Amino acid sequence: PVYPVARAEKRLLIHRIERDWIALVEQIMDPKKSDTAKNKARKSLKDSIITIAPVFSQMDYFMDDEFTIVDSLVAPILWRLSILGVSIEKTHKGLHNYMNRLFERESFQKSLSEFEREIPNMTPEDVTA
């Protein structure tokens with residue numbers, strides 16, 4: 001963002017996503033972690049995502065009406081929910097609409113590898129197999 005306050009807000013959001021969501025994703029993907037620890041991280045990630053779900057009914061993107069760098073950070077996490085073992089119920093319509101907006105973007109589609117294109121149809125077991 002051009003304005004310093006908006007830039008600071010985006011940096012704060014990025015910091016929170018890195019600290020909260022990405023840290024949980026790393027725990028889930030860590031082969032050294034126990035199943036109990038991974039399940040706890042899955043629950044925490046799901047709860048955190050669901051907690052902010054109402055925001056997506058109010059704005060088109062993550063705390064903004066326009067696509068920003070924050071959405072670029074969130075998109076890969078949301079794309080990988082199936083292989084992380086996290087499912088978000090369809091009742092969270094605003095969140096699912098947001099995910100669809102992100103995933104349909106040409107830039108997002110071009111960023112996916114051949115393997116990543118298959119992720120929505122995969123389970124955690126498909127990745128470890």
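Reply: Let us begin with contact, which means heavy atoms within 4.5 Å. This is a predicted model, in which local features need pLDDT of at least 70 and side-chain atom pairs count only at pLDDT 80 or more, while totals for chains, interfaces and linings use all residues. Residues are numbered from 1 along each chain as its sequence is written, and side-chain values use heavy atoms, with hydrogens and water left out.

Me: Which residues is Lys 10 in contact with, leaving aside its neighbours within four places in sequence?

Reply: With those neighbours set aside, Lys 10 is in contact with Pro 1, Phe 62, Met 63, Asp 64, Thr 68 and Val 70. Lys 10 itself has its place in helix 1, residues 4–29.

Me: Why is Lys 10 called buried?

Reply: Buried means under 20% relative accessible area (1.4 Å probe, protein chains only), exposed means over 50%, and partly exposed lies in between. Lys 10 has a relative accessible area of 7%, so it is buried. Of the 129 residues of the chain, 34% count as buried.

Me: What makes up the secondary structure of the chain?

Reply: There are nine helices and zero strands, where helices (H or I, at least four residues) and strands (E, at least two) are DSSP runs, numbered from the N terminus.

Me: Why is the chain called as compact as a globular protein of that length?

Reply: The radius of gyration is taken over C-alpha atoms, and the globule rule is 2.2 Å times the number of residues to the power 0.38. For 129 residues the rule gives 14 Å, and the chain has a radius of gyration of 15 Å, which is close to that value, so the chain is as compact as a globular protein of that length.
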